[in-house]
Amino acid sequence: MAVPHPLTPRLSTDGCTLVPAQTDVPGAFGALFAAAADLAARGAWCRLKVCKNPSCLAGFFDKTRNSSGLYCGAACGSQMSMRAYRSRLRTG
(Lines give C-alpha, C1' and ligand atoms only; values in the text may rest on other atoms or scores of the structure.)
Protein backbone atom coordinates (compact mmCIF):
# COMPACT_ATOMS: atom_id res chain seq x y z
CA MET A 1 0.00 0.00 0.00
CA ALA A 2 2.79 2.44 0.84
CA VAL A 3 5.06 1.46 -2.09
CA PRO A 4 3.61 4.08 -4.52
CA HIS A 5 4.11 6.77 -1.86
CA PRO A 6 7.87 6.77 -1.10
CA LEU A 7 9.32 8.50 1.92
CA THR A 8 12.69 10.22 2.17
CA PRO A 9 14.66 10.43 5.42
CA ARG A 10 15.53 13.96 6.51
CA LEU A 11 18.40 14.35 8.96
CA SER A 12 18.54 17.30 11.33
CA THR A 13 19.94 18.18 14.72
CA ASP A 14 16.72 16.81 16.26
CA GLY A 15 17.17 13.42 14.61
CA CYS A 16 15.84 11.66 11.56
CA THR A 17 12.31 12.14 10.24
CA LEU A 18 10.55 10.74 7.22
CA VAL A 19 9.07 13.15 4.67
CA PRO A 20 7.09 12.42 1.50
CA ALA A 21 9.13 12.29 -1.69
CA GLN A 22 6.16 13.41 -3.80
CA THR A 23 3.75 16.35 -3.82
CA ASP A 24 0.00 16.79 -4.23
CA VAL A 25 -2.24 13.79 -3.43
CA PRO A 26 0.55 11.17 -3.46
CA GLY A 27 2.52 13.43 -1.12
CA ALA A 28 -0.47 13.73 1.21
CA PHE A 29 -0.70 9.94 1.44
CA GLY A 30 3.06 9.83 1.98
CA ALA A 31 2.72 12.33 4.84
CA LEU A 32 0.05 10.10 6.39
CA PHE A 33 2.36 7.07 6.19
CA ALA A 34 5.24 9.13 7.62
CA ALA A 35 3.07 10.19 10.58
CA ALA A 36 2.05 6.57 11.16
CA ALA A 37 5.70 5.48 11.10
CA ASP A 38 6.61 8.25 13.56
CA LEU A 39 3.84 7.22 15.96
CA ALA A 40 4.90 3.58 15.76
CA ALA A 41 8.54 4.49 16.42
CA ARG A 42 7.58 6.56 19.49
CA GLY A 43 5.31 3.83 20.84
CA ALA A 44 2.25 6.05 20.59
CA TRP A 45 0.38 4.02 17.97
CA CYS A 46 -1.97 2.63 20.65
CA ARG A 47 -3.17 6.18 21.38
CA LEU A 48 -4.77 6.52 17.93
CA LYS A 49 -8.44 5.73 18.48
CA VAL A 50 -11.86 5.96 16.86
CA CYS A 51 -14.62 7.89 18.63
CA LYS A 52 -17.14 5.53 20.30
CA ASN A 53 -20.07 7.77 19.32
CA PRO A 54 -21.79 5.80 16.51
CA SER A 55 -22.87 8.98 14.72
CA CYS A 56 -19.31 10.41 14.73
CA LEU A 57 -16.62 7.71 14.33
CA ALA A 58 -13.89 10.34 13.91
CA GLY A 59 -10.28 9.37 14.54
CA PHE A 60 -8.43 11.12 17.35
CA PHE A 61 -5.19 11.01 19.33
CA ASP A 62 -5.89 10.11 22.96
CA LYS A 63 -4.05 12.65 25.15
CA THR A 64 -5.35 11.37 28.49
CA ARG A 65 -2.75 10.36 31.05
CA ASN A 66 -3.90 6.74 31.29
CA SER A 67 -4.97 6.34 27.64
CA SER A 68 -8.64 5.94 28.57
CA GLY A 69 -10.24 8.41 26.14
CA LEU A 70 -13.35 7.15 24.37
CA TYR A 71 -14.63 10.21 22.49
CA CYS A 72 -13.04 12.69 20.12
CA GLY A 73 -14.26 15.62 22.19
CA ALA A 74 -16.57 16.88 24.90
CA ALA A 75 -19.53 17.19 22.51
CA CYS A 76 -19.49 13.48 21.65
CA GLY A 77 -18.99 12.48 25.29
CA SER A 78 -21.92 14.65 26.33
CA GLN A 79 -24.11 13.28 23.55
CA MET A 80 -23.39 9.69 24.59
CA SER A 81 -24.03 10.49 28.27
CA MET A 82 -27.41 11.97 27.37
CA ARG A 83 -28.29 8.91 25.28
CA ALA A 84 -27.41 6.61 28.19
CA TYR A 85 -29.47 8.75 30.60
CA ARG A 86 -32.53 8.70 28.32
CA SER A 87 -32.16 4.97 27.84
CA ARG A 88 -32.13 4.44 31.62
CA LEU A 89 -35.26 6.57 31.96
CA ARG A 90 -37.11 4.50 29.34
CA THR A 91 -36.21 1.14 30.90
CA GLY A 92 -36.57 2.21 34.54
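Leu57 is exposed, at a relative accessible area of 53% (exposed means over 50% relative accessible area, buried under 20% and partly exposed in between, using a 1.4 Å probe and protein chains only). Leu57 sits in the loop between strand 3 (48–50) and strand 4, and its phi is near 55°, a positive value in a residue other than glycine.

## About the model

Please keep in mind that this is a predicted model, where local features need pLDDT of at least 70 and side-chain atom pairs count only at pLDDT 80 or more, while totals for chains, interfaces and linings use all residues. Residues are numbered from 1 along each chain as its sequence is written, and side-chain values use heavy atoms, with hydrogens and water left out.

Cys76, Gly77 and Met80 are buried in helix 2. They lie on the same side of the helix because they cover an arc of only 100° around the axis, where the arc is that of the directions from the helix axis to the C-beta atoms. On the other side of helix 2, Ala74, Ala75, Leu89 and Arg90 are exposed.

Gly73 belongs to the loop between strand 4 (59–61) and helix 2 (74–91). At 32% relative accessibility, Gly73 counts as partly exposed. Gly73 and Phe60 are 13 residues apart in sequence, and their C-alpha atoms are 8.8 Å apart in space.

## Cysteines without partners

How many disulfides does the structure hold? It holds zero, a disulfide being a pair of cysteine sulfur atoms within 2.5 Å. Cys76 is in no disulfide, and the nearest cysteine sulfur, that of Cys72, is 3.7 Å away. Cys76 is buried, with a relative accessible area of 10%.

Cys46 is exposed, at 55% relative accessibility. The closest cysteine sulfur to that of Cys46 belongs to Cys51, and at 18 Å it is too far for a bond.

Note on methods:
Helices (H or I, at least four residues) and strands (E, at least two) are DSSP runs, numbered from the N terminus.
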